[in-house]
Structures are given as structure tokens and as C-alpha cells.
2 protein chains.
Amino acid sequence: MEDPDSKAAHALTLLRTPGVGPVAHRVLMERYGSARGALAWLAEQGRGRARDRAALASDSRSDPDRRAVERDLAWLALPGHHLLALADPAYPARLREIPDPPPLLFVTGDPALLATPQVAVIGSRNPSLGGREQAESLARGLAAAGVTVTSGLALGIDGAAHRGALAGGGYTVAVAGTGPDRIYPAHHRALAREIVARGAVVTEFPTGTPPRPEHFPRRNRIISGLSLGVVVVEAALRSGSRITARHAADQGREVFAVPGSVRNPLARGCHALLRDGAKLVETVADILEELDPGFRRAPAPDPGEVASVPDPDTTQRRVLEALGHDPAPVDHLVERTGLTADAVSAILLTLELRGLVASAPGGCYERIGTGP
Amino acid sequence: MEDPDSKAAHALTLLRTPGVGPVAHRVLMERYGSARGALAWLAEQGRGRARDRAALASDSRSDPDRRAVERDLAWLALPGHHLLALADPAYPARLREIPDPPPLLFVTGDPALLATPQVAVIGSRNPSLGGREQAESLARGLAAAGVTVTSGLALGIDGAAHRGALAGGGYTVAVAGTGPDRIYPAHHRALAREIVARGAVVTEFPTGTPPRPEHFPRRNRIISGLSLGVVVVEAALRSGSRITARHAADQGREVFAVPGSVRNPLARGCHALLRDGAKLVETVADILEELDPGFRRAPAPDPGEVASVPDPDTTQRRVLEALGHDPAPVDHLVERTGLTADAVSAILLTLELRGLVASAPGGCYERIGTGP
């Protein structure tokens, strides 16, 4: 058995070898059984090539960047830093199934979290306030149901999703598009610290990798690859979120989309996904139900139940009936019932205490629960 | 050949015969070839029964209401009033295909319009301002594309659909749930007059029929039966619009639904339809393309167009952004912007005057038009 330190050193050296991309890395590992074996074969090849092409001044361009490997190892030596290779038992099994799994994962935080059931919540970097609230609330609900929320640490929906999961007392995984020693965007430095303390930040990119536009689409395949399903909250017609959704579909993962007003340009990406067969999400129950058919949602309120409610007195019933099933302001209820504003307010309070109505934005009231 | 006047009199008499519903009417017409033949058979039956049950004082309850027939004929004698029987060549062919076509149609306006390609645009009687605008704009687009817009003459979305079609210089058909001599709701009397001048009002109910709750679901099968497809703009989870959509699906017609914010209770019916396989509609092109695969849509507007809006100053923009795409009350906007309530109110007024926002029920505001 190779000792873990030199095993990591070999794995990182292979990763840092120019020309060895994720696919070559995987093939070499499979063929030679270990990074050390793969490196030995590569060295052999290099020598052979040098002999054949004696005229070439140098083959240094095919040498691994040893100083970078030292930096990776220094990062790895710090507490809470982990390196997972594809063959490691701790490597997330779901991610291993995708066509091009990253050969190495740099994990800051708890690597065990990567094995928990995850749902990705992703979307626009520049969402509407409503979209942000929806992401946060869906993530909170998923977390509360014991689902780890995965996202991309980006501004906007991603950040709201991570925050919602933390607020829900749950776990969250951030997949970064930079090296593990960099946080992008810098604005999310504090959030990343919170995620590390209560979850994990994961990346396939080694230390020192800056944010590069071409890294983010690649990163997205890991977000979907780790997850049972991907929920898109707000996304433009052409957007990274749609790329992630395509990855998810290719990887056989569920795609969910939250609809929005047709006048919201950030709903267009979601609507395109819905046209392509994504599941429509209004509440967290829509996600849970799809992923776990055993999940029981609370029974939908039945308008027919009016009669079975424990006898609200006639005036209460009058207000309830006037309320209908849409939020309504008090003065509408005054109009509809012919009662005074004071009477309506007093009755609404009673109904609220009985759990039959709730106050809604704009001084409105609406019916809730299984009430009439 | 029976002369048209007495043919109408016989058809109306059969319609007014107690116990002869639409199904019996159709069967009798098929079996006896004409209303006169059917009436002769019924009279025979009545005499037979009277002989058999000589003790019964009267079988007047099975006699047609002759005064009502006189009233129907008086209505029919007026210009622009038409009666179409199922077997008439002018009876709309598409409606004839449904399982329970109305045996007679009372038409005010141009009966030829019923043969034109129609799309129904329907929805809530109490829509949001945004929903009303969407209905009007979709109807205008359909009308401009040469499609007749059919709806139910109800308040809210129906009215907006009829108005949009008229504004688009096109044709519109209103299917009423009352007799042809009554307009319901009264508020739509002027609109009905416009529709008659530029389209048609149709009903299966004879003169004097008041609006009755049980008539509207029946009326809905005619709306979908006349149409190639039904577009639902805003609808509660349990609503007449969903009944019409179910009729449409049963009749093999296309069902379309406009998505909305998950926080808009009137989007729930549409979202339920989308889950059941309705086609998602953002623009009129989505409808035309589905109905006519040869239709070429214009290139989609680019969300980047936001930047081209005539520069509202920074504070105005801040309020607009805080407003998002859902109606929001002023105090939410105060919270979201950090501005004072007075400042927010003043800015909302400016935005309202510029046509960028509108006040919504419950003291809320929402964005309108093509604004940023």
C-alpha cells in the first residue's frame, strides 16, 4: 500500500502534467492502477521521445509543474482540506457515474457530505428580488427535509440557495470554478467560510486556478453530477443554468424549473426548460414528491370542506366566504360582507388565531391550511 | 322542402319541449329527420300515454312552452339574429364534432364567423392587471394573425380577450351562458354591442334564459368546441377555466397556459395545466407555431433590451428593481430600497405617470408595459 502522502503527491503530479486532461488522467489511472504507475509510464514515454527526437532542445513542456504540486500539497496539509481521487471510497458515488467525472476533487470542509442526497438550486447571478426569495425558501425547505443543497457559490440565486440551506439548519455544498485556495466572487468570502463550517466547498481545479469563463460550464457538470436533480429558479434564455440543466438531463438527473411572469426576462430560461420537459416547481413539495414518490405532501385544501369546519359562527363564515381563495384587503371584505371595518378586523384576528387565515403582503388576508 | 320559418318554429318547439334535452333532441332529429317529424312522434307518444293513463288529469307538463317559442321567433325575426341547427351547413363544423354539440345555436351578428379558425382566450373573472394585459395582447396578436378570438364575455380575462381582438382589427366570438336577448354581465353590454358589430355572440340557451351557475360549465364546452385551441391566461386552481381546458382536452383541442409567478395565486390553475401537458405560452407565436407548424416566429426579443429604456434616474430604477415582477406593497418597497415611505410613494407616482408601474389590489404596485 502506497502511503497517503506520496499517493497524493503522485496524483497531483499527474494532474499537473501538461497534456494530461481529465480523460487521459482517468484512462492512465485505469491502465496503470495508480498515479505512480501512470507517471512511470509517462516518464518512459518521455525518454523514448527524447531519444527519437534528439534534435529537440527540450521536452520541459511535458514536465509537471513541481512548484505547483508543492503548493497543492501545502494546501492539502492544512486542517479540513481533503483530496479525493476517483477510485477513493469517499469519492461521491453519484458523481463517479457521469461520463467525465473529475479525476481529483479538492474539498474544503466535510467530504462525507458529498455522499448525502443532494439537490442543486441554481439560477441567475442577477435575479429579481422575488427569484432570490424563492431560491432561499426552496433551499430552506429542502434543507429542512434533510436534503443537502448544492450550488455554484455565484452571486444571486446560488448565494441565496446556500444561505437558505444554512438558514434551514441544513447542509450545503458549493462547487467552485477556481482553485480551492481562491474564493470567487470575493463578495462571497464570508459565505464560503460559513459553508465550509457547515458543509463543503468542492472544486476539480488545483490551487492557484483563477476564475476563467471556460471553467464555469465545466464546473456545472459537477453541480448536476453530485445531485439527484437540478432546480433552476431564474435564468435567462441563454445562461449557465441552462447548461447545467442540459448536463443534468444528459446525466439522467431530474430537471426542475420555477415558472415566472412572462414579462420577467429571467423566467424565459425556466420556461424553455419547462417546454423541454422539466418538472414545474411551485413549492418544495413538488421537488420532494418527484425525487421520492413515498413523500407525502400535505393534503391540498379542498374548497368543499367548508361545511366540515368546526362551526365558525355565522359572521366568521361570512368573512371567510367573502375572502374567497385569493388574498384580499380588509376594505374589500368590508364591502363584500357589509360589516364594519372594526368587526371585520376582529373576526380576521379570530380566524387567524384559529389557523384559518393568514395575513398576506399589502395588508391583505388569505385563507390557509385545510380550512374552508 | 319545409319553409325556413316553420322549420325554425318546429326546431324551437322541440327545444322548448320539457324533457327533451340536447341528447334527446339530437337523437330525435336523427331518427325522424326533422323537428316536425320528431314533434309528430312526441305528440303520438303523448296521446298514447294519455290513453293509457286516463286517470291522470293532464300531461300539460310535457307540452312545449308555446309563448316562449313565440318569443324566440320574435327574437329571430330581428335583423342580425340567426338560428343554426346541427344539420345546417352553416352550423360550425368543428363544434359539430364534439360529443354533445348544442342542437341549436342562437347567433347575434355574423354566423359566417363561426366557421373561421378560432382560438379561445379565457381566464379569471378577477385577474391581476398583468394578466388582463397579457390576455389583451395575446388576443390582439391572434387577431392580427387572422385568427378569430373566442371567449365567454365574462368580466376579467374574457373581456380583455374580446377587447384585444377588436383592438387588433380582428374578429371575436362571445359564447354566452344566457339567452340571446340577455347580456351577462350587464357591465359588458357596450362590449357585447361591439362584438355583434364585428363578430358574433352565440348561445345555446333560448330567449329569457337568465344567468344560472349551472349554465356556465355547459357554455364552456362550446367555447372549446368552436376553437382549435384554448389559451388560459390566469386561473385559480379550481376554476371554470380549468373546466374549459378539460373540455378542450376531451374534444382533442390544444390546451395552452400562460405561466406566472409562483406567488400569484391566479397562476396556480395555469401551472396545474402545464403539469398536465398544456403548451406553455409566452408570446402569441407560441400559439400560432403550435397550431400551424408552417408559422415562422419573429426572432425573440433580447432581454438585453432592458438597457435601452429611456433612463429612469437611479432612485427610480432602484424602486423599479425592488418592485420585481410581482405586485408588492409600498412597505416592502421601503424595506427593499432603504428609502423613506414618502420617497417611495413619490417615485411610484412618477413611475405610474410614465406608464411603468400601476397600482394593484391591496395597495400593491406592479410593473406594467414593456418598461425596464
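These exercises walk through a predicted model with chains A and B.

The model is predicted, so local features need pLDDT of at least 70 and side-chain atom pairs count only at pLDDT 80 or more, while totals for chains, interfaces and linings use all residues. Residues are numbered from 1 along each chain as its sequence is written, chains are lettered from A in the order in which they are written, and side-chain values use heavy atoms, with hydrogens and water left out.

**Exercise 1. Describe the contact between chain B and chain A.**

Step 1. Count the residues. Chain B gives 34 and chain A gives 29. Contact here means heavy atoms within 4.5 Å.

Step 2. Take the area. About 2800 Å² is buried between the two chains, and carbon and sulfur atoms give 56% of it. Buried area is the accessible area (1.4 Å probe) that two parts lose on being put together, summed over both.

Step 3. Find the main contributors. Val262(B), Glu282(B) and His325(B) supply 22% of the area that chain B buries against chain A, more than any other three residues.

**Exercise 2. Find the polar links across the interface of chain B and chain A, and the elements of chain B that touch chain A.**

Step 1. Look for salt bridges (a side-chain nitrogen of Lys or Arg within 4 Å of a carboxyl oxygen of Asp or Glu). The rule finds seven across this interface. One of them joins Asp286(B) to Arg275(A), with the closest N and O atoms 2.9 Å apart.

Step 2. Name the elements, which are DSSP runs numbered from the N terminus (helices: H or I, at least four residues; strands: E, at least two). In chain B, helix H6 (129-144), helix H11 (268-275), helix H14 (330-337) and strand E12 (364-367) each supply at least two residues to the side that touches chain A. H11(B) gives the most, with four residues.

Step 3. Count polar contacts (N or O atom pairs within 3.5 Å; within protein, one must be able to donate a hydrogen and the other to accept it, and residues adjacent in sequence count only if both atoms are side-chain atoms). There are 10 such residue pairs between chain B and chain A, both residues at pLDDT 80 or more.

**Exercise 3. Explain what the salt bridge of Glu97(A) and Arg253(A) ties together.**

Step 1. Check the distance. The closest N and O atoms are 3.2 Å apart.

Step 2. Glu97(A) lies in the loop between helix H5 (93-96) and strand E2 (104-109) of chain A, and Arg253(A) in the loop between helix H10 (240-250) and strand E8 (254-257) of chain A, so the pair ties together parts 156 residues apart in sequence.

Step 3. Widen the view. The structure holds 23 salt bridges over all chains.
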